[in-house]
Amino acid sequence: GWDLMLGSIAAFYAVMVPYTKVEESFNVQAMHDILYHNHHIEKYDHLEFPGVVPRTFIGALVIAILSSPAVLIIRVFHVPKIYSLLAVRLVLGCVILTTLRLFRVEVKRKFGRHVEAFFVVLTAIQFHVLFYSTRPLPNILALALVNLAYSFWFKGNYLRTLQALIVAAVVFRCDMILLLGTIGAALLLSRSFSLMEAIKCCISTALLCIGFTVLVDSIMWQRILWPEFEVFWFNSVLNRSSEWGTHSIHWYFTSALPRSMLVAYPLCLVGALLDRRIVPYVLPVTLFVVLYSKLPHKELRFIIAAVPMLNVSASLAANRL
């Protein structure tokens, strides 16, 4: 029932707002080209309009493969292409909400079914997580892996937590390395694993992911590249992202999170005070937002991965009240 409720709201947003914002245009076009041009890479849009920085094709490829049966039916019956766009949005939404479900199940196991219920209700009344769940942004593709990491974290599978975050950082969003750093440091301080175990796990997973993304994306872009490294260099080293606007250092805490989380924002602070069990989880996630605040160019989607964990803290407060 909870899955049906969240899925219905996400589907409603996808139907009511079907069109594409500039940040998601690369992945939308990539999925279109994979589904309609297949192996004819010379026809792909990104070769003519590459965008500011290259992005990985891996997320678009996975969603396109999962969407292909529905798109095939749409093509056979000559249904307008807008329904293919809706199909890939709904498939992406299913992927994101499936990973959120895995996290929700662990919330129920750790804190009880009432906290789980409040977690779902708070997520449902907020706009951004469910709206963005059907938008093929790199941040949202990374969110799927972050939700997995959170579920592993709650389950006590700490090395898998690191692996999920490394895949998110290396393949989809390089800035997830901040979340990896804060969570990894917290796990090391709590002696959840040894330093050598962490180093071996991180290096092997990172090398595997780098090899895979370089292989796939070098074929698709027709030059040797690691997309997220170029994004990291552009945004963080050169700080060119600030050309698209800047906000004050406190903007995430005084504007973005309050508007996104609504009543859950004050509740998440109360939850951390009332139930100390959530503090070791909320603290690294909050520190991730603090570190990200140093980058002048700010958008809510950059820190949307923090919202599910903060909602758990809010759910604990709501349940206690």
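How many aromatic pairs does a search of the whole structure find? The search finds 23. Rings of Phe, Tyr and Trp (its six-membered ring) pair if their centres lie within 6.5 Å; planes under 30 degrees apart count as stacked, over 60 as edge-to-face and the rest as tilted. The model is predicted: local features need pLDDT of at least 70, side-chain atom pairs count only at pLDDT 80 or more, and totals for chains, interfaces and linings use all residues. Residues are numbered from 1 along each chain as its sequence is written, and side-chain values use heavy atoms, with hydrogens and water left out.

Phenylalanine 103 and phenylalanine 119 form an edge-to-face pair, because their ring centres are 5.7 Å apart and their planes stand at 90°. This pair links distant parts of the chain, 16 residues apart: phenylalanine 103 lies in helix α4 (residues 82-111) and phenylalanine 119 in helix α5 (residues 113-125). Helices are DSSP runs (H or I, at least four residues), numbered from the N terminus. Phenylalanine 103 is buried at 0% relative accessibility. Phenylalanine 119 is buried at 1%. Buried means under 20% relative accessible area, exposed over 50%, partly exposed in between (1.4 Å probe, protein chains only). Ring pairs link both residues into a cluster with others, including Tyr150 and Trp153.

Phenylalanine 127 and phenylalanine 131 are stacked, with centres 4.9 Å apart and planes at 20°. Phenylalanine 127 is partly exposed at 36%, whereas phenylalanine 131 is buried at 13%.

Glutamate 228 lies in helix α11 (residues 227-237). Glutamate 228 is buried, with a relative accessible area of 2%. Its side chain reaches the backbone nitrogen of cysteine 174 at 2.8 Å.

How values were computed: Helices (H or I, at least four residues) and strands (E, at least two) are DSSP runs, numbered from the N terminus. A polar contact is a pair of N or O atoms within 3.5 Å; within protein, one must be able to donate a hydrogen and the other to accept it, and residues adjacent in sequence count only if both atoms are side-chain atoms.
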